[in-house]
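Please open the model in your viewer and keep the sequence panel at hand. The stops below say what to select next and what is there.

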Amino acid sequence: MAQEINKTTTQVEEKQYSTLNLGPTHPATHGIFQNILTMDGEIIVDAVPTIGYIHRAFEKIAERRPYYQITVLTDRMNYCSSPINNMGYHMAVEKLLNVEIPKRVQYMRVIVMELARISDHIICNSVISVDSGALSGFVYMFQFRELIYEIYEEICGARLTTNMGRIGGFERNWPKTAWEKIDKFLHEFPVQLDEFESLLIRNRIFMDRTINVGPISAERALNYGFTGPNLRAAGVDYDVRAMNPYSSYEDFEFTIPVGTNGDTYDRFVVRQEEMRQSLSIIRQALTKLKTLPDTVYHAEVPDVFLPPKELVYNQMEALIYHFKIVMGEVPVPVGEIYHAVEGGNGELGFYLVSDGGRTPYRLHFRRPCFIYYQAYPEMIKGAMLSDAILTLSSLNVIAGELDA
Amino acid sequence: METKATIEQVMDRLVARFGSEIRSSEMCYDMMTIEVPAHTIIAVLQELHDDTATPFRFLTSLCGMHYPHLAKDKQFGVVYHMHCLTSNLRLRIKIYLHADKLEVDTASALFATANWMERETFDFYGIRFKGHPNLIRILNMEDMVPFPMRKDFPLEDQRREDKADEMFGR
């Protein structure tokens with residue numbers, strides 16, 4: 001007997017781990033993520049993430065660009081919900097400039113941000129379903145992501161990297177077709193959302209694959225700087241929209257869904273419910289907009305809001321303002337601000353330091369993905385390889401936001 | 001109904017604990033901004049973290065700064081954004097570092113999230129965090145020599161002659 005025990009201990013000592021490169025370009029990682037996994041059979045012992053494959057030095061570039069040219073950098077961060085990034089950046093600059101935004105523009109921003117949140121969650125949740133082996137839900141859900149992109153297209157002309165709006169409002173009033181498409185979306189999407197949910201939420205295979213997969217406790221999540229749906233799945237009801245309302249979110253009624261275990265299933269359910277809340281917010285915004293004059297689409301801030309092209313060619317003042325804005329002759333107060341919005345994945349923050357020059361002295365993006373992705377090794381330790389894939393997709397790490 | 005904690009109360013407690021170590025404090029737009037010496041930063045963070053009335057348990061962000069135009073002992077900075085989720089208070093803490101001694105204690109023992117934020121700050125500014133478990137570059141390649149977010153690191157290719165600086169920003 002004693003001999004046998006000795007034998008097993010030597011076996012443990014001699015145990016060899018295998019190393020597996022998960023990524024950087026693997027279809028299951030949905031982006032450029034490399035993880036060097038140490039595996040004991042199919043169990044993950046350790047993971048070392050390598051990031052920075054699509055680092056594009058946005059913070060450096062932002063220090064050399066006039067304020068109005070930085071918007072295009074922000075929508076290349078979380079490209080699944082670029083309008084939130086755009087609006088967040090505009091609001092940060094408006095806070096620095098002390099610009100008062102008309103209610104109608106604020107509600108329009110709320111609509112477009114909630115649409116972006118829905119499209120972000122559509123991607124995340126349908127990808128969770130794909131990674132757990134259910135492809136059909138994904139195909140149906142992506143039709144509605146397409147519809148959201150069509151709405152973006154009506155509003156600003158672009159689909160993915162939107163560069164939507166300007167500092168002070170929107171570049172043009174929304175066309176009638178945009179409102180019609182929003183109505184169509186509100187009418188058709190809830191049906192699809194329910195159908196998608198009914199495919200998965202009580203599905204035995206799906207529940208077995210996701211419950212207790214990649215869990216994180218509320219305390220660890222807070223310590224790791226989690227925000228957004230991933231934090232709420234762990235049971236902390238922190239939502240920037242409710243805690244530090246921006247763009248008149250205080251005018252809206254919505255609930256913040258929270259989970260309990262912080263596992264993949266909870267993250268899925270929280271995102272599902274958030275989509276419903278977003279739909280409700282959009283409906284409320286549409287009702288509120290009916291009472292407001294429908295010609296206002298920007299604040300009256302000629303100092304920072306680029307005038308329409310036809311005025312530039314025909315009016316002296318517009319030409320002067322156009323020239324001043326483009327050449328960066330607009331006075332900007334000295335100061336520093338931190339502005340946070342609730343992005344698709346969590347608190348998207350802009351720390352903007354201005355020295356009064358034409359470009360920011362420093363612009364730091366608080367990118368939620370970058371901050372919570374460091375918890376990934378801890379979350380998948382002891383899990384199976386296939387669970388690691390599901391955990392990654394349920395965290396909804398977007399490579400562009402991770403690497404800036 | 002209990003009264004809401006204010007940032008002034010937090011400041012009073014900090015001043016009572018650290019006295020003149022709090023070098024400056026001002027409201028910058030909507031956020032209280034304080035400056036502390038680099039060697040006390042961990043003590044300040046710990047005090048805020050352990051405070052029972054307003055626990056600042058959430059490190060929102062941490063980033064580096066470079067001020068080449070200032071005196072040598074103030075050329076680099078690290079900015080911490082803290083958030084107390086229970087009373088919804090935010091606080092910005094700044095430290096300044098001497099250009100020849102870019103070293104500060106790590107906050108990663110207190111906040112797991114500081115790990116990558118500090119690696120990012122090291123990567124871009126060359127600020128070393130003492131006691132950090134794995135202080136290597138994170139977004140740039142490991143054999144890179146310069147620290148690209150420093151103001152003296154050029155953004156454009158320096159061999160280009162068609163782009164004059166005064167026409168394109170700073």
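How many of the 16 residues of α4(A) are buried? The helix is mostly covered, with 15 of its 16 residues buried; buried means under 20% relative accessible area, exposed over 50% and partly exposed in between, with a 1.4 Å probe and protein chains only. Helices (H or I, at least four residues) and strands (E, at least two) are DSSP runs, numbered from the N terminus.

This is a predicted model, in which local features need pLDDT of at least 70, side-chain atom pairs count only at pLDDT 80 or more, and totals for chains, interfaces and linings use all residues. Residues are numbered from 1 along each chain as its sequence is written, chains are lettered from A and ligands numbered from 1 in the order in which they are written, and side-chain values use heavy atoms, with hydrogens and water left out.

**Stop 1: helix α4 of chain A**

Select α4(A) from end to end. Its end C-alpha atoms are 23 Å apart, which agrees with the 22 Å that its 16 residues should span at 1.5 Å a residue; the expected span is 1.5 Å times one less than the number of residues. Now pick S82(A), which is found in this helix. S82(A) is buried, with a relative accessible area of 1%. Apart from neighbours within four places in sequence, S82(A) is in contact with D75(A), L160(A), T161(A) and T162(A), where contact means heavy atoms within 4.5 Å. Just after α4(A), look at N98(A), which takes a positive phi of about 60°.

**Stop 2: helix α6 of chain A**

Move to residues 135-156 of chain A, which form α6(A). This helix has 22 residues and reaches 31 Å from its first C-alpha to its last, close to the 32 Å expected at 1.5 Å a residue. Colour its buried residues, among them G137(A), M141(A), F144(A), R145(A) and C156(A). Which helices do the buried residues of α6(A) pack against? They pack against α4 (82-97), α5 (103-131), α7 and α12 of chain A. Just after α6(A), G157(A) takes a positive phi of about 95°.

**Stop 3: α5 with α6**

The axes of α5(A) and α6(A) come within 9 Å and cross at roughly 160°. Axes are lines fitted to C-alpha atoms, for helices over the stretch in contact, and angles run from 0 to 180 degrees between N-to-C directions. The two helices α5(A) and α6(A) are therefore roughly antiparallel to each other; angles under 35 degrees count as roughly parallel, over 145 as roughly antiparallel, 65 to 115 as roughly perpendicular and the rest as oblique.

The crossing of α5(A) and α6(A) is left-handed, a term used if the near helix is turned anticlockwise from the far one by less than a right angle, with right-handed used if clockwise. Residues making the contact include V112(A), L115(A) and I122(A) of α5(A), and F138(A), F142(A) and I148(A) of α6(A). By class, this contact has 17 nonpolar, 3 polar and 1 charged residues. Ala, Val, Leu, Ile, Met, Phe, Trp, Tyr, Cys and Pro count as nonpolar, Asp, Glu, Lys and Arg as charged, and the others, Gly among them, as polar.

**Stop 4**

Keep α5(A) and show α12(A). They pack at an angle of about 155°, with their axes 9 Å apart. That makes α5(A) roughly antiparallel to α12(A). Their crossing is left-handed, and their contact has 17 nonpolar, 5 polar and 6 charged residues.

Next, show α7 (residues 176-200) beside α12 (residues 264-290), both of chain A. Their packing angle is about 160°, with the axes 11 Å apart. That makes α7(A) roughly antiparallel to α12(A). Helix α7(A) passes α12(A) in a left-handed crossing. Among the contact residues are W179(A) and F189(A) of α7(A), and M275(A) and L289(A) of α12(A). The residues of this contact divide into 15 nonpolar, 1 polar and 5 charged.

**Stop 5: R104(A)**

Select R104(A), found in α5(A). Is R104(A) buried or exposed? R104(A) is buried, with a relative accessible area of 6%. Beyond neighbours within four places in sequence, its contacts include N173(A), W179(A), L289(A) and D294(A). The C-alpha atoms of R104(A) and E300(A) are separated by 13 Å, although the two residues are 196 apart along the chain.

**Stop 6: chain B**

Finish on chain B, which has 3 helices and 7 strands. From the N terminus on, its elements run α-β-β-α-β-β-β-β-α-β. The C-alpha trace of chain B spans about 65 × 35 × 30 Å along its principal axes. Buried residues make up 54% of the 170 residues in chain B.
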